[in-house]
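I opened this notebook to keep track of what I looked up, one place at a time. The entries below follow the order in which I went through the structure.

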Amino acid sequence: MVSARECFHFATLELVRSTPIKQRLISAYRRHLAALPEDQLPSDVRESFGQVMRSLRGVQPLRGEDAVAASVRKMSNQEADDCAALIVEMYGLMCRDHVVSNRPSTVVQLHSVECAPVEYEAPALIVNS
C-alpha cells in the first residue's frame with residue numbers, strides 16, 4: 001500500500017515535468033491524488049488538500065470530459081501554478097512531519113547543571129600603561 005506521503009511525492013514528480021502546467025496538474029491528480037482518502041493525511045494538511053480537491057473538481061464538465069479536465073481548463077495559468085505550488089507545499093509539510101516523527105528524542109547535556117555561575121565568569125583584564 002502506498003502512503004499518502006508517497007502519493008504526494010509522485011504527484012510532485014508529475015508537476016516538474018516539461019509538459020504544460022495544466023496537463024501536469026491533471027496528471028498529478030488522476031495518477032496520484034484522486035483516490036487518496038483525506039483521513040490518511042496529517043491534520044495540518046487536510047484543509048489545504050480539501051481546497052485543492054475543490055478547485056480541481058469544482059466545475060461542471062462538458063460532454064466528453066470529467067470534472068477535473070473542466071476545472072483545470074477554466075483555470076488561468078496562474079491559478080494552475082498556485083494549485084501546483086500548494087500540492088508541493090503539502091508534500092513539504094508531510095516530509096517535515098515524517099522527519100520529526102522519526103527523529104530520536106535524545107537529549108545531549110553539554111555542561112553540568114550543578115556548575116556555579118562563578119565558573120563562567122571571565123577574569124578581569126589588567127592593562128599596564
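I began with serine 27, which I list as buried because its relative accessible area is 15%, under the 20% that marks the limit for that class. The model I am reading is a predicted one, and I keep that in mind for each entry.

I then looked up where serine 27 sits, and found its place in helix 2. When I set aside the neighbours within four places in sequence, I found serine 27 in contact with Glu14 and His32. With glutamate 14 the link is a polar contact between the two side chains, at 2.8 Å.

From there I turned to how helix 2, residues 21-33, lies against helix 3, residues 43-57: their axes come within 12 Å and cross at roughly 120 degrees. On the side of helix 2 the contact is made by Leu25, Tyr29 and Leu33, and on the side of helix 3 by Phe49, Met53, Leu56 and Arg57. Sorting the residues of this contact by kind, I wrote down six nonpolar, no polar and one charged.

Which residues of helix 4 are buried? For this helix, residues 67-74, I listed Val68, Ala69, Ala70, Ser71 and Val72. I also checked what these buried residues pack against, and the partners are helix 2 and helix 3.

Next I looked at the loop between helix 2 and helix 3, where glutamate 38 has its place. I marked glutamate 38 as partly exposed because its relative accessibility is 39%. Leaving out the neighbours within four places in sequence, I found glutamate 38 in contact with Arg46, Phe49 and Gly50. For one of these, phenylalanine 49, I also noted the C-alpha separation from glutamate 38, which is 7.6 Å for two residues that stand 11 residues apart along the chain.

My last entry concerns methionine 90, which I found in helix 5, residues 77-102. Is methionine 90 buried or exposed? I wrote it down as buried, because its relative accessibility is 1%. Apart from neighbours within four places in sequence, methionine 90 is in contact with Phe8, Val45, Ser48, Phe49 and Val52. I also looked up leucine 41, which is 49 residues away from methionine 90 along the chain, and recorded 9.8 Å between the C-alpha atoms of the two.

Conventions
Residues numbered from 1 in each chain as written. Predicted model: local features only at pLDDT ≥ 70, side-chain atom pairs only at ≥ 80, totals over all residues. Heavy atoms only, no water. Axes fitted to C-alpha atoms, helices over the stretch in contact; angles between N-to-C directions. Helix = DSSP H or I, 4+ residues; strand = E, 2+ residues; numbered from the N terminus. Contact = heavy atoms within 4.5 Å. Nonpolar A, V, L, I, M, F, W, Y, C, P; charged D, E, K, R; others polar. Buried < 20%, exposed > 50% of the residue type's maximum accessible area, 1.4 Å probe, protein only. Polar contact = N/O pair within 3.5 Å; in protein donor to acceptor, adjacent residues only side chain to side chain.
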